[in-house]
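The following account leads through a protein model from one of its side chains to its ligand sites and then to its overall form. Please keep the sequence and the coordinates in view while reading.

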Amino acid sequence: MNKMIEVKNLQKSYKTGKAVDGVSFDVYKGEILCILGPNGAGKSTTINMLTGALGWDGGGIYADFLKGKSIHDDLPAYKRRLGVVPQDLAIYEDLSARNNVEFFASLYGLRGRALQEGCRFALAFAGLTDRAGDKAGTFSGGMKRRLNIACAIAHRPELLVMDEPTVGIDPQSRNHILEAIKRLRDEGMTIIYTTHYMEEVEEISTRIIVMDHGKIIAGGTKEELKERTDTDKMITIEADGLDTFDSDTLYRIEGVKKVSAGAGTLKLAVIPGIENLDRIIAVLIEHGKRINSITTQAISLETVFLNLTGRSLRD
Ligand code: ADP
Ligand code: MG
């Protein structure tokens, strides 16, 4: 994999305390790198240093396309390759969608036909072609978010940095944005995406960094993160006659860690990979229990996060 950017031991404090505390990671060409973490984890501070908007107190950020030099050694050259979607909307409400995109694209140096072409591409990508002539101020929250993205991609950046671009929008706009991000990656763009929504990470990430309290606490693909979690997988079985069933017999099955029996429901915590579901079912049938339904719940990133930090992402 081609390394694009190297973030090394980044440090940043505000008067309120340390916001980013020794963060290191690489960004590889063609990936969708999701930075996942609760509010206040330090995602935006990290992202703002990565885009060159904010300086750091220690560490550094080095770009391959600057021959490994610090991004601050040639910030204009670095920024030309970047598209930035800030956490807070940065659009002009009094301008039309088209004029907004044109304005930002021209800041990146697009002129004439390239400008027109770039704007057409960006507006179409955001699903705003039909509303291109309307003032941004008349748009719904979701449309404004989409316009915010359009403004960042008209110049077709190599690296697109998005900070929580789907906060507070309708599911339809969110789906549109997630699909668009995957298509941008298919076209060769590299994407860094921060969020506190696990579902989004599940859907689009090719790699994940989990942040909490200014530090990276885990990293890898979704599969790797889930594998490293020794959390149990849950199996829920609904069956008749469980009140007369000695659930201890299930402990003899390999992989079964915990059994709790309720009225008509049996919950089993099993070691992922060695569920032995067939043997569990066999024991129940042997004891003359009629099974009504079986559901298994895979490990979610939510569980991974809970396991890592001892709290839910939605705290
Ligand atoms: P996230 O984007 O993950 O929600 P931030 O990077 O915005 O996290 O914030 C990290 C920490 O730094 C938080 O405790 C936040 O209150 C603090 N912080 C962020 N920006 C500022 C600022 N401009 N001044 C003072 N403290 C800040
Ligand atoms: Mg933030």
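Which residues does Arg-207 touch, not counting residues up to four places away in sequence? In this predicted model, the list consists of Asp-26, Val-27, Tyr-28, Glu-31, Ile-32, Leu-33, Cys-34, Gly-220 and Thr-221. Arg-207 itself belongs to strand E9, which comprises residues 207-212. One of the residues touched, Asp-26, also takes part in a polar contact: its backbone oxygen lies 2.6 Å from the side chain of Arg-207. Arg-207 has a relative accessibility of 19% and therefore counts as buried, since the limit for that class is under 20%.

Lys-12 is located in strand E1, residues 3-14. Its relative accessible area is 13%, so Lys-12 is classed as buried. When neighbours within four places in sequence are left aside, Lys-12 is in contact with Gly-17, Lys-18, Ala-19, Val-20, Thr-45, Met-49, Leu-54, Gly-55, Trp-56 and Asp-57. Among these contacts are Ala-19 and Thr-45, and both of these residues also occur in the surroundings of ligand 1.

The shell around ligand 1 is made up of Tyr-14, Thr-16, Ala-19, Pro-38, Asn-39, Gly-40, Ala-41, Gly-42, Lys-43, Ser-44 and Thr-45. By class, these residues comprise four nonpolar, six polar and one charged. Helix H1 supplies the largest share of the shell, namely three residues. Polar backbone atoms also approach the ligand. A backbone N or O atom of Gly-40 is 2.7 Å from an oxygen atom of ligand 1, the corresponding distance for a polar backbone atom of Ala-41 is 3.1 Å, and for a backbone N or O atom of Gly-42 it is 3.0 Å. Taken on its own, ligand 1 has 560 Å² of accessible area, of which the protein covers 59%.

Which protein atoms are donors of the magnesium ion, ligand 2? They are OG of Ser-44 and OE1 of Gln-87, at 2.1 to 2.2 Å from the ion. Ser-44 counts as partly exposed because its relative accessibility is 21%. Gln-87, with a relative accessible area of 32%, is likewise partly exposed.

In H3, the buried residues are Ala-97, Asn-100, Val-101, Glu-102, Phe-104 and Ala-105. An α-helix has 3.6 residues a turn, so residues three or four places apart point the same way. The buried residues of H3 pack against helix H4 (112-125) and helix H5 (141-153). Just after H3, Gly-109 adopts a positive phi of about 95°.

These local features belong to a protein with 10 helices and 14 strands. Its C-alpha trace spans about 80 × 45 × 40 Å along the principal axes. Of its 315 residues, 48% count as buried. The protein exposes about 15,100 Å², and carbon and sulfur atoms supply 48% of that area. Among contacts with a separation of 6 or more, 68% are between residues 24 or more positions apart.

Methods: Residues numbered from 1 in each chain as written. Chains lettered and ligands numbered in written order. Predicted model: local features only at pLDDT ≥ 70, side-chain atom pairs only at ≥ 80, totals over all residues. Heavy atoms only, no water. Donors = N, O, S within 2.8 Å, 3.2 Å for Na, K, Ca; no water. Buried < 20%, exposed > 50% of the residue type's maximum accessible area, 1.4 Å probe, protein only. Near = heavy atom within 4 Å. Polar contact = N/O pair within 3.5 Å; in protein donor to acceptor, adjacent residues only side chain to side chain. Areas by Shrake-Rupley, 256 points an atom, 1.4 Å probe, with all protein chains shown as cover. Helix = DSSP H or I, 4+ residues; strand = E, 2+ residues; numbered from the N terminus. Nonpolar A, V, L, I, M, F, W, Y, C, P; charged D, E, K, R; others polar. Contact = heavy atoms within 4.5 Å.
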